[in-house]
Amino acid sequence: MVKCENAMVYQNTIFENNDGIVCSNGHPLIDQNQIYNNKSNGIIIMGQSNVKIMYNVIKDNDGVGLFIRDKSRSTVLQNQVTFLKRLN
């Protein structure tokens, strides 16, 4: 999502991608999703985004579960973020 206003990612299953969800300079709601087994990050927020991230299950991604960077701000509530894979 790039420069999105009032977008919603709601009740999806997002898996086996490079990154699960990428937001750059947007203001979406990310709510009640299953985000897992992605090759990099579960959710990455960058630029000057202001995102609401609520009630998601974010697990077993190879990178970071939730990565907020640059000048982004986010409201993060009631998410389950876990990493269960073993590192060799």
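This briefing describes the strands, loops, cysteines and nonpolar core of the structure shown above. The model is predicted, and every value quoted below was computed from it. Four strands form an open sheet with parallel pairing, the largest nonpolar core has 11 residues, and a search of the whole structure finds zero disulfides.

**The parallel sheet**

- The open sheet is built from four strands in the order β1-β4-β7-β10, and their pairing is parallel.
- Its edge strands are β1, which covers residues 5–10, and β10, which covers residues 73–77, and each of these pairs on one side only.
- From one strand to the next, the twist averages 10°.
- Strand β1 runs parallel to β4, residues 27–31, and four bridges join the two; M8 stands opposite L29, a residue of β4.

**The nonpolar core**

- The largest nonpolar core consists of V9, I14, I21, C23, I30, I35, I43, I45, V51, I53 and I58, which makes 11 residues.
- At least two residues of this core come from each of β3, β6 (43–46) and β7.
- In soluble globular proteins, nonpolar side chains tend to be buried together.
- One of the core residues is I53, and once its neighbours within four places in sequence are left aside, I53 is in contact with I30, I43, I45, L66, S74, T75, V76, L77 and N79.

**The cysteines C4 and C23**

- The cysteine sulfur closest to that of C4 belongs to C23 and lies 4.6 Å away, which is too far for a bond, because a disulfide is assigned only when the two sulfur atoms are within 2.5 Å.
- Seen from C23, the closest cysteine sulfur is likewise that of C4, at 4.6 Å and too far for a bond.
- C4 has a relative accessible area of 12% and is therefore buried, while C23 counts as buried because its relative accessibility is 0%.
- C23 is also one of the residues of the largest nonpolar core.

**The loop between β7 and β8**

- Y55 is found in the loop between β7 (50–54) and β8 (57–59), and N56 is found in the loop between β7 and β8 as well.
- The phi angle of Y55 is near 60°, a positive value in a residue other than glycine, and Y55 counts as partly exposed because its relative accessibility is 46%.
- N56, by contrast, is buried, because its relative accessible area is 0%.
- A polar atom of the N56 side chain lies 3.0 Å from the backbone oxygen of M54.
- Leaving aside its neighbours within four places in sequence, N56 is in contact with I30, D31, Q32, N33, I35, Q78, N79 and Q80; among these contacts, I30 and I35 are also members of the largest nonpolar core.

**Other loop positions**

- Q11 is placed in the loop between β1 and β2, and its phi angle is near 55°, which is a positive value in a residue other than glycine.
- N18 is placed in the loop between β2 (13–15) and β3 (21–24), and it counts as exposed because its relative accessibility is 51%, given that the exposed class begins over 50%.
- Apart from its neighbours within four places in sequence, N18 is in contact with N38, K39, S40 and N41.
- The C-alpha atom of N18 is separated by 24 Å from that of E5, and the two residues are 13 residues apart along the chain.

Definitions and conventions. Residues numbered from 1 in each chain as written. Predicted model: local features only at pLDDT ≥ 70, side-chain atom pairs only at ≥ 80, totals over all residues. Heavy atoms only, no water. Buried < 20%, exposed > 50% of the residue type's maximum accessible area, 1.4 Å probe, protein only. Contact = heavy atoms within 4.5 Å. Pairing = 2+ DSSP bridges. Axes fitted to C-alpha atoms, helices over the stretch in contact; angles between N-to-C directions. Polar contact = N/O pair within 3.5 Å; in protein donor to acceptor, adjacent residues only side chain to side chain. Core = buried A, V, L, I, M, F, W, Y, C linked by side-chain atoms within 4.5 Å.
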